[in-house]
Amino acid sequence: RSKLEQADNRAEQVEAELDDLHEQMESDRQEYDAINSELEKISGNREELEKQREELVTLREKHRRSLGNAREQWQKTHEESHGIALQLESISSQRASLEQSIKRSRIQIEHLQSRHGDLERSLAEIRAPLESMQDDLKRHLGEKAEAEKKLGEARSKVQSIENTLREKEQARTVQEQQIQELRNQLEQIRLETRESRVRLQTIEEKLRESGQDVQQILEGLEEGAERDAWREKLENVTRKIERLGPINLAAIDEFTQLTERKDYLDKQDEDLREALTTLENAIRKIDKESRARFKETFDQLNSNLQETFPQLFGGGNAYLDLTGDDLLETGVTIMARPPGKRNSTIHLLSGGEKALTAVALVFSIFKLNPAPFCILDEVDAPLDDANVGRFSEMLKDMAEEVQFIFITHNKITMEIAYQLLGVTMQEAGVSRLVSVDVDEAVEMAATA
């Protein structure tokens, strides 16, 4: 009886263990089906990612070719605009020479007119024939009309060339905008490619964390694999597991801990991706605003320089040019040509011309963004009297908006100052500061 009771208890234990094994087998089957479905999804997603990668590579090559063509076209347009600028400069010089010729002709005409009056008086006195003098007058009037006609033709040519140059500049601006759009599209494609790679790496890491390798799984699958055959294999594996004896129950707790760890890492990864996306968007926004502000400031400064340079030199022209295509990395060069010179670089200018060019650039910057005050330390030292006079006039005009403090030894520059401060040494080794209010000094001199 005791043996029978022990046998019954053993039978009940065996039945309970069998029920547990059946439940474990059922859960293993469900997990296996879930793994199979996830594997099928991953295989489909990988094929789609490969197709997208090939399409993105093709699109990138296409945009690279488009960008190369756009750069070549911009280079040609830049060379044409430079040639037109040279032509405009030569026509300007021709125009100046024609104006000088017309001025000389007018002077000659005035001289001839005065001479004509003398001859008329002489004619009244000595009764000389008047017809020869009238013929000379008609001839000179004809020369004057011909010179005026040439001047009108030259002015029309200059106007047409200026219109052509303006059209070329507009076309160049449009091409630069197109190049910038292509660059933005290329950057977007790079970001999408990087995101696809990160997604693929994430899927592979999930498989590796679960102890699986995608390549091995794909290689291990048979060509004619079916679900029934895999179920039969699973039953065989289950029977083998049953023969192995009790399982490790601590694996469930370990699996739970690892699952929580994986969820935490997934959330961290998601936060990092969102932060990276936000940072990249901020960088693109900052780059866009920097390019726009740099282009606006550059155009305003270039316009101010083109106005200030002829005022200081009494003619000529100067402009700013970019050394590169990218507005965030490009450099800026200054092209200055005083009247009567055809220099190819600013290094060929004299010391006074370089100093006056630098002053023109500084005054252009102050017109763009005036400061409360400006200190000039012997800027007029290498200048002659004519250039000092133009420099003083511009300094006087700009003094209405900016307070200038300048150090000088030139009398012409001192004449425009409102306050004079000097250092004198009446006694050996003792320096004294002398201050003079120019307006008060003038009033005192007038009353005296």
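Let's start with a side-chain pair: Thr-408 makes a polar contact with the side chain of Asp-380, at 2.7 Å. By polar contact I mean N or O atoms within 3.5 Å, one able to donate a hydrogen and the other to accept it, where residues adjacent in sequence count only if both atoms are side-chain atoms. A polar atom of the Thr-408 side chain also lies 3.0 Å from the backbone nitrogen of Asn-410.

A quick word on the source: this is a predicted model, where local features need pLDDT of at least 70 and side-chain atom pairs pLDDT 80 or more, while totals for chains, interfaces and linings use all residues. Residues are numbered from 1 along each chain as its sequence is written, and side-chain values use heavy atoms, with hydrogens and water left out.

So where does Thr-408 sit? You'll find Thr-408 in the loop between strand S4 (403-407) and helix H8 (411-414); helices are DSSP runs of H or I with at least four residues, strands are E runs with at least two, and both are numbered from the N terminus. Is Thr-408 buried or exposed? Buried, with a relative accessible area of 14%, since the word means under 20%, with exposed over 50% and partly exposed in between, using a 1.4 Å probe and protein chains only.

Now step back to strand S4. Strand S3 (residues 373-377) runs parallel to S4, joined by five bridges; pairing takes at least two DSSP bridges. Within this pair, Cys-374 stands opposite Phe-404.
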